[in-house]
Amino acid sequence: MSSALGILLIYDCVYPVSLGGVEYRNYCLARALADRGHRVSLAGWGDVPAGSLPPGVDFVRLPFEARLHDRDGKRGIMPTIRFAAAMLWLDLASYDIIETANIPYLHVFPLAVRCRLGGKPLIVSWYEFFGTYWRRYKSPYGAPLFRGIEWLAAQLGHRVNASCEQTRLK
């Protein structure tokens with residue numbers, strides 16, 4: 001019996017198509033896990049060029065792709081909703097562990113339900129916590145809604161990771 005696990009790493013952006021910190025972290029983690037003999041998939045949006053992922057790592061292109069940021073460089077609501085809808089499309093059957101970033105929050109809800117119903121552990125990795133910053137990021141009027149969604153998302157997952165002590169303490 002093999003001890004290799006099927007691991008799915010989910011984020012809306014995937015390296016090398018997108019050059020952000022979470023994307024690169026997922027790429028490096030996927031490579032390290034594949035080097036240890038696990039079956040690893042990166043799921044997200046974009047056209048990942050053939051041969052650009054490490055050996056043993058495959059790409060699951062999610063549907064409903066949308067431009068992530070608005071004119072002001074802020075994440076938009078519609079892409080967030082579309083990303084959450086993509087979680088309903090994912091086939092989780094062949095995976096033993098599901099991991100996702102906390103951002104953009106809404107996708108964690110359907111993913112948590114699907115993982116719970118399917119008996120799959122969900123790990124949510126937190127890279128930032130907005131808290132009171134929501135007032136400046138979105139608006140003073142929308143801040144309570146976004147803070148509530150952020151708080152609820154923090155309650156989900158079998159395990160929660162934080163990228164730094166400051167984020168963990170929130």
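Lysine 120 sits in the loop between α3 (108-118) and β5 (122-126), where helices (H or I, at least four residues) and strands (E, at least two) are DSSP runs numbered from the N terminus. This is a predicted model, in which local features need pLDDT of at least 70 and side-chain atom pairs count only at pLDDT 80 or more, while totals for chains, interfaces and linings use all residues. Residues are numbered from 1 along each chain as its sequence is written, and side-chain values use heavy atoms, with hydrogens and water left out.

**Confidence**
- The chain has a mean pLDDT of 89, with 93% of its residues at 70 or more; pLDDT is the predictor's confidence in each residue, from 0 to 100.
- Confidence is highest in strand β1 (residues 6-10), at 98, and lowest in helix α6 (residues 165-169), at a mean of 53.
- Where pLDDT is low, the predicted coordinates should not be read in detail.

- Leaving aside neighbours within four places in sequence, lysine 120 is in contact (heavy atoms within 4.5 Å) with Leu92, Ala93, Tyr95, Ile98, Cys115 and His158.
- Although alanine 93 and lysine 120 are 27 residues apart in sequence, their C-alpha atoms are 8.9 Å apart in space.
- Within α3, the residues Val108, Pro110, Leu111, Ala112 and Cys115 are buried, and the elements covering the buried residues of this helix include β1, α2, β4, β5 and α5.
- Just after α3, glycine 119 adopts a positive phi of about 70°.

- Asparagine 26 belongs to helix α1 (residues 21-35) and counts as buried because its relative accessibility is 5%.
- Apart from neighbours within four places in sequence, the contacts of asparagine 26 are Leu9, Ile10, Tyr11, Leu42, Glu99 and Tyr127.
- The whole structure holds one cavity of 30 Å³ or more, and about 50 Å³ of space lies in the largest cavity.
- On a 1 Å grid over the protein atoms alone, a cavity is a set of points where a 1.4 Å probe fits but cannot get out, whereas a pocket is an open set with protein on both sides within 12 Å along at least five of seven lines; lining residues have an atom within 4 Å of a point.
- Asn26 is among the residues lining the largest cavity, as are Leu9, Tyr11, Glu23 and Leu42, and the largest share of this lining, three residues, comes from α1.

**The largest pocket**
- The largest pocket has a volume of about 320 Å³, a volume being the space filled by probe spheres set on grid points that are joined across faces, edges and corners.
- Its lining comprises 21 residues, with Arg75, Thr80, Pro104, Tyr105 and Trp134 nearest the centre of the pocket.
- α2 (77-89), α4 (134-137) and α5 (143-154) are the elements that give two or more residues to the lining of the largest pocket.

**Aromatic pairs**
- Five aromatic pairs are found in the whole structure, where rings of Phe, Tyr and Trp (its six-membered ring) pair if their centres lie within 6.5 Å, and planes under 30 degrees apart count as stacked, over 60 as edge-to-face and the rest as tilted.
- Tyrosine 105 and tryptophan 126 form a tilted pair, at 5.8 Å centre to centre and 55° between the planes, and both residues are buried.

Methods:
Buried < 20%, exposed > 50% of the residue type's maximum accessible area, 1.4 Å probe, protein only.
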